[in-house]
Amino acid sequence: MASMLCCTASSSGSIVSASGLRRRLPLVGAFCVLSFGLSNLCLSYNSPLKTGCAQSLPFANLLRSKFVGQSPAKSVHTIRMEGSSNTVPSIVVYVTVPNKELGKKLAESIVREKLAACVNRVPGIESVYEWKGEIQTDNEELLIIKTRQSLLEALTEHVKANHDVPEVIALPITGGSLQYLEWIKNSTRD
């Protein structure tokens, strides 16, 4: 591959030495991993390769062989959401609030009402957005809420009752720690 790249570079009029190319290849590899995501490159051998996916790229097998064989020191049981009767389809919901007091009050009421298993409060974020034709910059707090997908509507209504124009954005949880996903199910209302 290095000689092919070197020849290509030479035919275009620029001269690239083999040692210069070897120094640049790790940067190209790092860029590819960051661009395509390590998780897309390191799926198990049993999964079919998909066209248009990072797994179908020529270097995917090389990276997969470097990382798949390595196991973490501590075994973590993970599960895909559709694969277990002990879990329910779950989501992560982002909500921003204008201050710490409202964040604490809203987070506590959400958990008390069993609309979510957990709410993380992240202080000190700065939001930049357009409002009524003007660019606004506000210091806010971000709430990261873990709950059941079936509770999104009730959660949204609860947030709207306690916030003027709330940001409520839901992202699916497609898998994770089996114990944590079971805990989400057991800590929220049906």
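Modeller: Let us begin with a pair of residues: S90 stands opposite R148 in strand 4. Strands here are DSSP runs of E with at least two residues, numbered from the N terminus, and two strands pair if DSSP finds at least two bridges between them. Residues are numbered from 1 along each chain as its sequence is written. This is a predicted model, where local features need pLDDT of at least 70 and side-chain atom pairs count only at pLDDT 80 or more, while totals for chains, interfaces and linings use all residues; side-chain values use heavy atoms, without hydrogens and water.

Strand 2 (residues 90-97) pairs with strand 4 in the antiparallel sense, over eight bridges. Strand 4 is also antiparallel to strand 3, with twelve bridges joining them. There, S127 has D138 in strand 4 as its bridge partner. Two residues lie between strand 3 and strand 4 in their hairpin, where K132 takes a positive phi near 55 degrees.

Now for the pocket. Strand 3 (118-131) and strand 4 (134-148) each supply at least two residues of the lining of the largest pocket. On a 1 Å grid over the protein atoms alone, a pocket is an open set of points where a 1.4 Å probe fits, with protein on both sides within 12 Å along at least five of seven lines; lining residues have an atom within 4 Å of a point. The largest pocket has a volume of about 350 Å³, counted as the space filled by probe spheres set on the points, which are joined across faces, edges and corners. Of its 14 lining residues, Y129, D138, E140, H163 and V165 are the closest to the centre.

Conventions:
Helix = DSSP H or I, 4+ residues; strand = E, 2+ residues; numbered from the N terminus.
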